[in-house]
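Please read this report with the model open beside the text. It goes through charged pairs, aromatic rings, the overall fold and the surface in turn.

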Amino acid sequence: MDFSAQLDELQQHAAKAKQAAEQAASESREQLHQRIDQAQVDMDRAAKDAQQQAGQATADARSKWAQMKADAAARTDDLQAKMDRRADQLDAKLAASQADGAESDAADAIDFAAWTVDNARLAVLDAIDARAYADERAKAAGA
């Protein structure tokens, strides 16, 4: 399995997210909402793709992935609800408080992504070790 290619793709994905955040910082709210809508479409597509891939995995991995996907969907729904409520609010203090909460949520999501990358690194190293051990055992059995 080519983990390097997958990690390169992940790195490019993170770079695109960083670029989008940098660009969004100077956009109007209407542009931001368009960007958010597109991000939602992209996440939904990725979730469907992941669901198809999970269908090919083992039952244990599938259940872990399903839980992570459900958690991500719940966070996405919560984010959308917060954005909808924000549009209805006129109070500046409340808006500032909600902005603080949104920034905190974004920081938490970044921390979660970092944890996910660390978890992926450990899983990749474990997979490489498992393959090396399997190859070693196969050679020993054939010798």
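The count of salt bridges comes to 3, where a salt bridge is a side-chain nitrogen of Lys or Arg within 4 Å of a carboxyl oxygen of Asp or Glu. The model is predicted, and local features need pLDDT of at least 70, side-chain atom pairs count only at pLDDT 80 or more, while totals for chains, interfaces and linings use all residues. Residues are numbered from 1 along each chain as its sequence is written, and side-chain values use heavy atoms, with hydrogens and water left out.

| Salt bridge | N to O distance |
|---|---|
| Glutamate 27 and arginine 35 | 2.5 Å |
| Aspartate 42 and arginine 45 | 3.6 Å |
| Glutamate 136 and arginine 137 | 3.7 Å |

How exposed the partners are can be expressed as relative accessible area, for which buried means under 20%, exposed means over 50% and partly exposed lies in between, with a 1.4 Å probe and protein chains only. Glutamate 27 has a value of 21% and is therefore partly exposed, and arginine 35, at 27%, is partly exposed as well. Aspartate 42 is partly exposed at 35%, and arginine 45 is partly exposed at 46%. Aspartate 42 and arginine 45 both lie in helix α2 (residues 29-54), where they are 3 residues apart, about one turn of the helix. For the remaining pair, arginine 137 is partly exposed with a value of 42%, and glutamate 136 is partly exposed with 45%.

Aromatic rings come next. A pair of aromatic rings is described by the distance of the centres and the angle of the planes. Rings of Phe, Tyr and Trp (its six-membered ring) pair if their centres lie within 6.5 Å, and planes under 30 degrees apart count as stacked, over 60 as edge-to-face and the rest as tilted. By this rule the count comes to 1 aromatic pair. Why is the pair of phenylalanine 112 and tryptophan 115 stacked? The ring centres of phenylalanine 112 and tryptophan 115 are 5.6 Å apart and their planes are at 25 degrees, so the pair counts as stacked. Because they are 3 residues apart in helix α4 (residues 92-142), phenylalanine 112 and tryptophan 115 are separated by about one helical turn. Phenylalanine 112 is partly exposed, at 36% relative accessibility, and tryptophan 115 is partly exposed, at 45%. The charged end of arginine 75 also sits over the ring of phenylalanine 112, 4.9 Å from its centre; such a charge counts if NZ of Lys or CZ of Arg is within 6 Å of the ring centre and within 35 degrees of the ring normal.

The protein chain holds 4 helices and 0 strands, these being DSSP runs numbered from the N terminus (helices H or I, at least four residues; strands E, at least two). Buried residues make up 6% of its 143 residues. Threonine 76, in helix α3 (residues 59-88), is buried, with a relative accessible area of 9%. Leaving aside residues up to four places away in sequence, threonine 76 touches Gln40 and Met43, where contact means heavy atoms within 4.5 Å.

Leucine 7, in helix α1 (residues 3-24), is partly exposed, at 41%.
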